[in-house]
Structures are given as structure tokens and as C-alpha cells.
Amino acid sequence: MADYTLELAHLYGDLMNTYGDYGNIIALRYYAKQIGVDVDDRLVSLNEDFDPKAYDFVLFGGGQDYEETIVANDLKAKADGLKEYIENDGPLLAVCGGFQLLGHYMEMADGTKVDGIGVMDHYTTNMTDDQVKTLNGSRLTGNIVIKNNETGEEYHGFENHQGRTFLGKGEKALGTVTTGQGNNGMDKTEGVIYHNVYGSYFHGPIFTRNGNLAKRVLATALSRKYPDINWQAKLNQVPTETF
């Protein structure tokens, strides 16, 4: 057993894993192993408590409309714990539907409005909403490349979503779109950063395709739990995988 261990929660991994989002945990474990860190993950699903003090990283993946509706109803009971975790700088990756449900609401393709838990200030309309001025009525699909405005890092992925997400107070984009459509096809934003939450529409999964981001988030989680070690320096010695 390693001297250092991270505890990971996979929120609704049995329902919200349509795009192989568990691969993000595999990527974190891959990099962690090379610097002597164990990664333990636990499924947290329907009718289970979320303890904000029990985890060092949270993954909240994407799913289909039916599963997202089920999850939205259950998520309300976890809202206080997730808010506490997020506001105390807990690292979290939210992909597609998970990203949407952390905001105020999301609209399905048929116009059904599903309440999120509002722990972040974004909202998601559907592709036919009057607010949508670009590609109205069309899904946003294809390869996408973004550039992080603070680090200069490029991230590559694949997007496939009908929802149009608009960021709110205190939120900044994960990156600016250089190829593709992003959150809504209009404002060149993709994803979100809020405290240590990273949200994105990237499939691939995002950490397997973008080792630079995986290592950055891993260093954040480790530094939060074990602050006396320079984890970024250790991870800089590990080759970065990307494709």
C-alpha cells in the first residue's frame, strides 16, 4: 500500500456513465501510481448520502435524458453536501449532464425543464430556445479544441450535445473555443471553472486525452490533502499522455 491515498466519489456512475466517463478515474489512477499515490473510488448513487468530508475528488458524468431525470430528483438530497464540498475547494469534474445539473436548470430536447441543484450559477436551455442564435435546432457535435486563458494549455475532445449552457456569476470558461462549438455555439466558451470544479462537454474522456489537465487536477487534489509536498513538481517528471 502506498503512503498516500486519494478517496474518489463517482456520483451516479451506474446511471451517468454513457460516454465512458469512468475513464477519467482510470487516467487519474495512472498518473497517481507513478508518483506513489493510491486512488480508491466509490460509487455514490441513488438514496445514498454524500459526505463532503470523505472525498478528495468527485466525478459526475453524463447520461441520457431518462437517467438524468432520475438523478435530478435524487440529487436534491445531496445538494447541501455538494455545495459544502465545492465551496471548500473540493476538486470535481462534471461532464455533460453532470455539468448541467450542478447549475440552476436544464431543458431537454422536448422542452421539459429539469431543475438542477443551483450550487453553481449556470443554466442550460435546449437547442430550439429563442436565445440560441447559432445552429438553432441542431446538435453541437464534432471535434473540439480549446485554449485555457490562464495556463495557455490546449485541450482536445469530442462534443455531442443539444443543450446550450450559459455561464453565470463567479464562473469562467475552462477554455476559449478555437475549433468547434463549445457551451452554446455563440460565445466561444467551453466548460466551466468555479473554485476547483471543472465542467465540460468533452468526451474522450477528457482526462485520458488531455494528460496536462489530468495532472493539474490531480496535483490540486493532492495538495489539498497533503499540503507539505510539491505534487506539481513530482507530476512534472511524469510524461504527459495526449491524443
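Residues are numbered from 1 along each chain as its sequence is written, and side-chain values use heavy atoms, with hydrogens and water left out. Because the model is predicted, local features need pLDDT of at least 70 and side-chain atom pairs count only at pLDDT 80 or more, while totals for chains, interfaces and linings use all residues.

## Empty space

Rolling a probe the size of a water molecule over the atoms shows where empty space is left. The search runs on a 1 Å grid over the protein atoms alone. A cavity is a set of points where a 1.4 Å probe fits but cannot get out. A pocket is an open set with protein on both sides within 12 Å along at least five of seven lines. Lining residues have an atom within 4 Å of a point. Grid points are joined across faces, edges and corners, and a volume is the space filled by probe spheres set on the points.

The largest pocket holds about 230 Å³ of space. Its lining has 17 residues. Nearest the centre of the pocket are Gly63, Asp65, Glu68, Arg139 and Gln162. Three elements, α2 (65–75), β5 (105–107) and β9 (154–161), each give at least two residues to this lining. Helices (H or I, at least four residues) and strands (E, at least two) are DSSP runs, numbered from the N terminus.

What classes of residue line the largest pocket? They split into 5 nonpolar, 8 polar and 4 charged. Here Ala, Val, Leu, Ile, Met, Phe, Trp, Tyr, Cys and Pro count as nonpolar, Asp, Glu, Lys and Arg as charged, and the others, Gly among them, as polar.

The structure also holds 1 cavity of 30 Å³ or more. About 40 Å³ of space lies in the largest cavity. Its lining has 8 nonpolar residues, no polar and no charged ones. Among them are Leu6, Phe57 and Ala221. Both β1 (4–11) and α6 (211–225) supply at least two lining residues. With 3 residues, α6 gives the most.

## Helix α2

Which residues of α2 are buried? They are Glu68, Val71, Ala72, Asp74 and Leu75. Buried means under 20% relative accessible area, exposed over 50%, and partly exposed in between (1.4 Å probe, protein chains only). An α-helix has 3.6 residues a turn, so residues three or four places apart point the same way.

The buried residues of α2 pack against β3 (57–60), α3 (79–87), α4 (97–101), β5 and β6 (113–115). On the face turned away from the buried side sit the exposed residues Tyr66 and Asn73.

## A four-stranded sheet

An open sheet of 4 strands runs in the order β9-β8-β11-β12, with antiparallel pairing. The edge strands β9 and β12 (189–190) each pair on one side only. Two strands pair if DSSP finds at least two bridges between them.

| Strand pair | Bridges | Facing residues |
|---|---|---|
| β8 and β9 | 8 bridges | Leucine 140 and histidine 161 |
| β8 and β11 | 3 bridges | Valine 145 and threonine 179 |
| β11 and β12 | 2 bridges | Glycine 175 and glutamate 190 |

The hairpin of β8 and β9 has 6 residues between the strands. There, glycine 152 takes a positive phi near 80°.

## Loop residues

Leucine 135 is found in the loop between β7 (123–125) and β8 (140–147). Leucine 135 is partly exposed, at 40% relative accessible area. Beyond its neighbours within four places in sequence, leucine 135 is in contact (heavy atoms within 4.5 Å) with Met127, Leu140, Arg164 and Gln181. Leucine 135 and glutamine 181 are 46 residues apart in sequence and 9.6 Å apart in space, C-alpha to C-alpha.

Is serine 45 buried or exposed? Serine 45 counts as buried, at 5% relative accessibility. Its place is in the loop between β2 (37–44) and β3. Not counting residues up to four places away in sequence, serine 45 touches Tyr12, Asp14, Leu15, Asp74 and Lys78.

Cysteine 96 has a positive phi near 55°, though it is not a glycine. Cysteine 96 lies in the loop between β4 (92–95) and α4, and is buried at 6% relative accessible area. Histidine 195 also has a positive phi, of about 50°. Histidine 195 is partly exposed, with a relative accessible area of 36%.
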